[in-house]
Each structure stands twice: as C-alpha cells, then as structure tokens.
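Visitor: Please show me the chain. I would like to walk through its fold by question and answer.

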Amino acid sequence: MPELREARFEMPWLPPAILRGNSRAGWRARQGPIRMMRRTTEYETREWLIANGGALIGRVAVQYEFHTPSASRCDPDNFIIGMKSWLDGVRDSGLIAGDSSKHVTLAAPRFVSCKRGEEHTIVTITENEVRT
C-alpha cells in the first residue's frame, strides 16, 4: 500500500521580526526580506522536488515548529504570519498545488525551548491523500 509522503525543512532562523504580525514596518521596508525568503525557499524546495520524485498531491498539512529561548511567551499568530513568504516560496516551487485553504491545512504551531543562539524553525508538510 502506498504511503503518504512528507517533506521536512529545517531553517537556522526564526521568522524575521519585520515580517511578523506585530511589526510596524511599512511595506517598502518589508519587501527585501519578503523577496529574499520567498526566492530562497523556492530554490531549496525545488532541490527537494528533484531529490524526492515530484510534488506532493492534494491537500497537505503544514506543521511549524519554532525553537526559541522565549517559547512560553511567543504569540503563535505572529510567527505564522512571519512564515507567509516561506509558504509562498513553497507554492512557487510547485511542491504544493496552492497555499489557500483548499490546498493547505495549518496545524497548531509548536514552540520548543532552546538556548540562545540555537534558534531554528522546522516545517513539516505531509500529504493527506495517498498516490494511486
């Protein structure tokens, strides 16, 4: 029986504060970080596509795991907003069919405590349908 495929990405950073929900930066200040995150993600995701036999099919579940020294004080909404450009880059690469609610289910984010200097983000994208 075919198994559901899973794509796992680990980034050595947390979503930049300028892209999080409570940032007061204007659109012009945000454009550079948005463009950089989106393009970098698209490139890295295409490498996964080549190595793992193509796009994930159907609806997918996205799980964010943020490793931060202040895990107990983090606002989940702000961190998810900060990952929007990352998910746009995944969509641009063709790994997933789209990033709307028709194609993506967001799981509640997990926050894990870590030492200062060891911050990172893990994203797991799992197929919800088996390939036939």
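Guide: A definition comes before the tour: two strands pair if DSSP finds at least two bridges between them. Helices (H or I, at least four residues) and strands (E, at least two) are DSSP runs, numbered from the N terminus. This is a predicted model, where local features need pLDDT of at least 70, side-chain atom pairs count only at pLDDT 80 or more, and totals for chains, interfaces and linings use all residues. Residues are numbered from 1 along each chain as its sequence is written, and side-chain values use heavy atoms, with hydrogens and water left out.

Visitor: In what order do the elements of the chain run from the N terminus on?
Guide: The chain holds 3 helices and 5 strands. Read from the N terminus, the order is β-α-β-α-α-β-β-β.

Visitor: In which sense do β1 and strand β5 pair?
Guide: Strand β5 covers residues 120-127. Within the pair, E6 sits opposite T126 of β5. There are 6 bridges between β1 and β5, and the sense is antiparallel.

Visitor: Why does S85 count as buried?
Guide: S85 lies in helix α3, residues 84-93. Contact means heavy atoms within 4.5 Å. Leaving aside neighbours within four places in sequence, S85 is in contact with L19, I34, M37 and R38. S85 counts as buried because its relative accessibility is 8%.

Visitor: What do the buried residues of α3 pack against?
Guide: In α3, 7 of the 10 residues are buried. Among them are W86, L87 and V90. The buried residues of α3 pack against β1, α1 (27-52), β2 (60-68) and β5.

Visitor: Which residue follows α3?
Guide: The residue after α3 has a positive phi, near 95°. That residue is G94.

Visitor: What radius of gyration does the chain have?
Guide: The radius is taken over C-alpha atoms, and the globule rule is 2.2 Å times the number of residues to the power 0.38. For 132 residues, a compact globule would come near 14 Å, which agrees with the chain's 15 Å.

Notes. Buried means under 20% relative accessible area, exposed over 50%, partly exposed in between (1.4 Å probe, protein chains only).
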